[in-house]
Amino acid sequence: KIFGCVSMIDYFRGIKQDYFKIYMFVYIFFLPYNFFSGFFSNLTIFLFIWWLIIGKKKGYFLKVKEIFTNLPLLILFLFILYACLSLLWSDNIKMGIKELEYYKYYPMIVMVFFTVFNKEDVKIAFYVITFSFALYALFSLSIYMEFFTVQLKDKISNKSNPRGILPYAVVTFYMAFNIFLSLYLFMKENNKAIKYLLLIIATMSFFTMLVNNGRMGQISFLGTFIIVIIYYRKYLLEYKKILISSVLVIALSISFMYSNNKIDRYLKGINELVYSYQNDEYIGSWGPRLFFYKGAIELIRDNLVFGKGIGDALIEFKNYQINNKEKLKHPIVKQFHSQHFELIVKFGIFGYVLFLMSIIILLIKLYKIEKDYMYIGLIFFSMFLMASIGDGIMRMSNFDNFFILVFVLLSITIKENSKYKIGDKKII
């Protein structure tokens, strides 16, 4: 089945009476956005209630048990269960319950999408994601080109920070991911009109990534690009034009960032790190990160195996900052600025390994069962793990829910009874 403009139209014609599935695609399109407080919550609760109403009649409830035979999802839910159990060795239960809210929509999203979607739906979902990010790229670029500004609570999104309504770290990550995703779909696509559209989307996402200020997103893009080159090295000769184009794009990006003073932010960050390390005085943006990491290591030593518990980790981290405030030339923060350190401090090596194993096993399953989607899994989790070194990205607006959406979509593709492929063209 060749996927292109006509087949997309045919697909939606085929589900035009399935209003619930249409709503699921609308949900996916708007998931990265958070227009106002409670926007995503209302979308998700409505989705779940609708699923509860029609689930028995449609046979969705019978499929729920399949979630527990899907090893990556099972391990991820064991991690969430462990996070809940860590309340038992936390003194601050109230803080722990608040921290658990980052996972509160995971069961709803997993149950709905896993029981309703098949591989064909998943493929359409990734197209919807790339179109959604394309719209946001247009929005962010319009701010950068000074067509308008966006007034936020305590600041303005303008040319110097064209983030729009999302944190710039998340915007940069989304755009970097969308470069890889749209280019992959471009290579798999047979319809010329859609191919050109995907190429335009990749270009827009590329420049949006560059003009935004998320340094970890940009670094994760470069690191993932290298990983993709290594992983697909045997195809480099076959796709010489793509390789040459990629090298030129990297060169262009460096030139663009240099001409727009974006490189200076990296040089400044490196200088802050060097100064902070040499003088034990933590200045700027990257300097305090070194302090946060040192504090995290101190806390990890106390409870290496099982962690401080979800309720106490951030409280003790805040106390560490207060006790060493003469060294820290930065306001007290409520996060570690590293997803890796946050998970280890909260849940210890045991919980951290559970979380990592869910990702690793999913990638292994994709490699063995569904290599078409292995590429998407590789770029997403590679970028996520790299960005998580310098950002607590799962604490940022809606990224936690986008994470579980991608996770469950990829998990659907490894169902043993589903043979649908992403397209006729194979590059793997």
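User: Which residue forms a salt bridge with Lys308?

Analyst: Asp302 does. Look for a side-chain nitrogen of Lys or Arg within 4 Å of a carboxyl oxygen of Asp or Glu. In this predicted model, the closest N and O atoms of Lys308 and Asp302 are 3.3 Å apart.

User: Is Lys308 buried or exposed? And what about Asp302?

Analyst: Buried means under 20% relative accessible area, and exposed means over 50%. Lys308 has 9% relative accessibility, so Lys308 counts as buried. Asp302 has a relative accessible area of 52%, so Asp302 is exposed.

User: How many salt bridges does a search of the whole structure find?

Analyst: The search finds 14. One of them pairs Lys188 with Asp372, with 3.2 Å between the closest N and O atoms. Check the sequence positions next. Lys188 lies in helix 9 (residues 168-188) and Asp372 in helix 17 (residues 371-390). They are 184 residues apart, so this pair links distant parts of the chain. Then check the cover: both Lys188 and Asp372 are buried.

User: Where in the chain are Asp280 and Lys327?

Analyst: Their side chains meet in a salt bridge, at 3.2 Å from N to O. Asp280 sits in the loop between helix 13 (263-279) and helix 14. Lys327 sits in the loop between helix 15 and helix 16 (339-369). The two are 47 residues apart, and the pair links distant parts of the chain.

User: Why do Asp280 and Lys327 count as partly exposed?

Analyst: Partly exposed is the class between the buried and exposed cut-offs. Asp280 falls there because its relative accessibility is 31%. Lys327 falls there because its relative accessibility is 28%.

User: What is the reach of helix 14 from its first C-alpha to its last?

Analyst: Compare the span with the value expected at 1.5 Å a residue. Helix 14 (residues 286-302) has 17 residues and reaches 25 Å, close to the expected 24 Å.

User: How many residues of helix 14 are buried?

Analyst: Helix 14 is mostly covered, with 12 of its 17 residues buried. Among them are Trp286, Arg289, Phe291, Phe292, Tyr293 and Leu299.

User: Which residues form a positive surface patch?

Analyst: For a patch, look for like charges within 9 Å on residues with over 30% relative accessible area and no salt bridge. Here the patch consists of Lys94, Lys98, Lys318 and Lys334. Lys318 is in helix 15 (residues 313-323). Its relative accessibility is 43%, so Lys318 counts as partly exposed.

Note on methods. Residues are numbered from 1 along each chain as its sequence is written. This is a predicted model: local features need pLDDT of at least 70, side-chain atom pairs count only at pLDDT 80 or more; totals for chains, interfaces and linings use all residues. Side-chain values use heavy atoms; hydrogens and water are left out. Patches are made of residues with over 30% relative accessible area and no salt bridge: like charges are joined within 9 Å, nonpolar side chains (Val, Leu, Ile, Met, Phe, Trp, Tyr) within 5 Å. Accessible areas come from the Shrake-Rupley method with a 1.4 Å probe; for residues, only the protein chains shown count as cover. Lys and Arg count as positive and Asp and Glu as negative; His and the chain ends are not counted. The place of a charge is taken as NZ of Lys, CZ of Arg, CG of Asp or CD of Glu. Helices (H or I, at least four residues) and strands (E, at least two) are DSSP runs, numbered from the N terminus. Buried means under 20% relative accessible area, exposed over 50%, partly exposed in between (1.4 Å probe, protein chains only). The expected span of a helix is 1.5 Å times one less than its number of residues.
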